[in-house]
Amino acid sequence: MKKLDKKNMFTIIGIILFYVAIQSLFNIGILDSYMELNIILICINIILAVGLNLITGFTGQFSLGHAAFMSIGAYTSAVLTAKLGQPFFVGIILSGLVAALAGILIGIPTLRLKGDYLAIATLGFGEIVKILALNTDYIGGAIGFNDIPQYTNWTWAFGMTVLAVLFIRNFINSYKGRACIAIREDEIAAEAMGVNLTYYKVLAFAIGAFFAGIAGSLYANYFYFIKPDTFGFMKSIDILVIVVFGGLGSIQGSIVGAIVLSIVSTLLQSVADLRMIIYALVLFGIMMFRPTGLMGKQEFKGFKFKTIKKEVKAGDSIKGYESI
Amino acid sequence: MEQVFQQLINGISLGGIYALMALGYTMVYGIINLINFAHGDIYMVGAYVGFALTTFFNIGFLPALLISMAVTSLLGIIIEKIAYKPLRKSPRITALITAISISLLLQYTMMYFVGPQTRTFPEVLESKSLRFLNGNVILDIKNVYILAITLILMVALQFIVKKTKMGKAMRASSFDLEAAELMGVNVNKVISFTFAMGSALAGAAGVLVGIYYNTINPLMGSLPGLKAFVAAVLGGIGAIPGAVLGGFSLGLIETIVSANGGSVFKDAVAFLILILVLLIKPNGLLGKTVKEKV
């Protein structure tokens, strides 16, 4: 298969042009540092949402502990860059790998559980990570981790976002990705067709955790300061809302969801009291009236293959789809 | 020795509260297979109703408890009708996310109206305490009240489930919802009734926690709610005696852990238990094994 055909070339050129356009807007000062903060937050949210979408939307494993992986990544990167003086590149890669390792370790036992039980177990895992972080003095405990060097900028954030989106998009359309989708559609049938359930669930979990770790690293090295409460249950819910809002099983949906909800959340900062009420109502409304999310297809069942078909058409960067 | 008795008293009081909440989880899960995430927040509403009644209306403890139970059971029915009933046929994940959204809605709506600050629950019971073993073990009158009310409510629940017609319908529905419907059981009524009872128990637990710890806040429900769910899983979800056993066990374990220097880790212990139970004995201590069908 040719790696660089015409469509791929266009995608790459489009990505580079977008990067250069935003970068030059920063350079000539149209976008100020407040805008930069919001744009980087959007990038972080996209990475988190795409990762969780792989776990929940494509593989069908309901995780309520995604923020825990972000926390692991953020602390790993903070320790590496602030305490051990490593360059950001090392911090970002290792925080992804450590988070992925945590994903594998927690995934192997808990992914035997189904649906609700898995949700509660991952929630419990998230709480355990938070409590451990709160009580470890080396990383600041409840006071938080201070003086993390600020390395994250538009280049890093955008690069990692593109990496996450392209990686997961290609993964979904690969042989392994189809196995994950088969698990979501029907576990027993997938197993009967020879799909190794544990392997693919843990694989999806590890990839999602890897990118959550990278997102955590970007976060830590942008805001100088992290504390365990930042990555609590509410953060996991925030990510879940983005994924559900955009559509479970739609990568474009996650991207749109991350952008829309990050902007909404910024606008609602002046009415912080109402923010969570509105969030809850949005979540409730989506589940009631459009359980497939923003980008989902119109049928009531959210988990249809059509969503993916549409995506590939719209994105056009992946070949080999015809072989399905 | 005194230490052990004191821990036992504290653990049983805490366990009684968990058990009351776990009953609601287990009954709802037994019938419609839904983790009612909003359960912990119904408990919070119960505590606030009790607080309002005793503080602003100067109502005595027992009437306040009963009114709170009535209000929360009504709230439970409303939530079921508005949020869960339309989604009864939809995928599990949809129902679960809806439950989370209802939970958030209750928490932050309450916070919007009463403010995020912690409030002090009035001393509605005369402070009296019994001392044993040279005064080293203190049995507060609150502990007695909590245990007595918990037991009375559990016996009442057991009576309703085992001896009344509605209880029979509930048991039939939890055994097989569709078959029960075919046999003429009004399933909608049964589900509403289950929510009403579970929520009333949660409301009672909320008031009891108010008098026990004296402080309430709008987010007080989320962590105890999750722990009560852990208790229900520990005892075997769907089994009513299991919820009681799980609640008391969890209360005791937590008290023992915090007494032995692990107070910062006491929240983690509950979740560790959950993960262990799910891995070793997913049906819980008293749950029955269910075969999976394609």
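The model is predicted. On this basis, the secondary structure of chain B amounts to 11 helices and four strands. The radius of gyration of chain B is 19 Å, close to the 19 Å that the globule rule gives for 294 residues, so chain B is as compact as a globular protein of that length. Along the principal axes, the C-alpha atoms of chain B fill a box of roughly 60 × 45 × 35 Å. Buried residues make up 51% of the 294 in chain B. Among contacts in chain B with a separation of 6 or more, 76% come from residues 24 or more positions apart.

Chain A has 13 helices and zero strands. Read from the N terminus, its elements run α-α-α-α-α-α-α-α-α-α-α-α-α. Of the 324 residues of chain A, 49% are buried. Contacts between residues at least 24 apart form 80% of those in chain A that join residues at least 6 apart in sequence.

One helix pair in chain A shows how two elements meet. Helix H3 (residues 66-83) of chain A and helix H5 (residues 115-134) of chain A have axes that come within 8 Å and cross at roughly 30°. Angles under 35 degrees count as roughly parallel, so H3(A) is roughly parallel to H5(A). On the H3(A) side, the contact involves Ala67(A), Ala68(A), Ser71(A), Ile72(A) and Tyr75(A). On the H5(A) side, Phe125(A), Gly126(A), Val129(A), Lys130(A) and Ala133(A) take part. Seven residues of this contact are nonpolar, two are polar and one is charged.

Definitions and conventions:
Residues numbered from 1 in each chain as written. Chains lettered and ligands numbered in written order. Predicted model: local features only at pLDDT ≥ 70, side-chain atom pairs only at ≥ 80, totals over all residues. Rg over C-alpha atoms; globule rule 2.2 N^0.38 Å. Buried ≥ 20, exposed ≤ 12 C-beta atoms within 10 Å, placed from the backbone. Contact = placed C-beta atoms within 7 Å. Axes fitted to C-alpha atoms, helices over the stretch in contact; angles between N-to-C directions. Parallel < 35°, antiparallel > 145°, perpendicular 65-115°, else oblique. Nonpolar A, V, L, I, M, F, W, Y, C, P; charged D, E, K, R; others polar.
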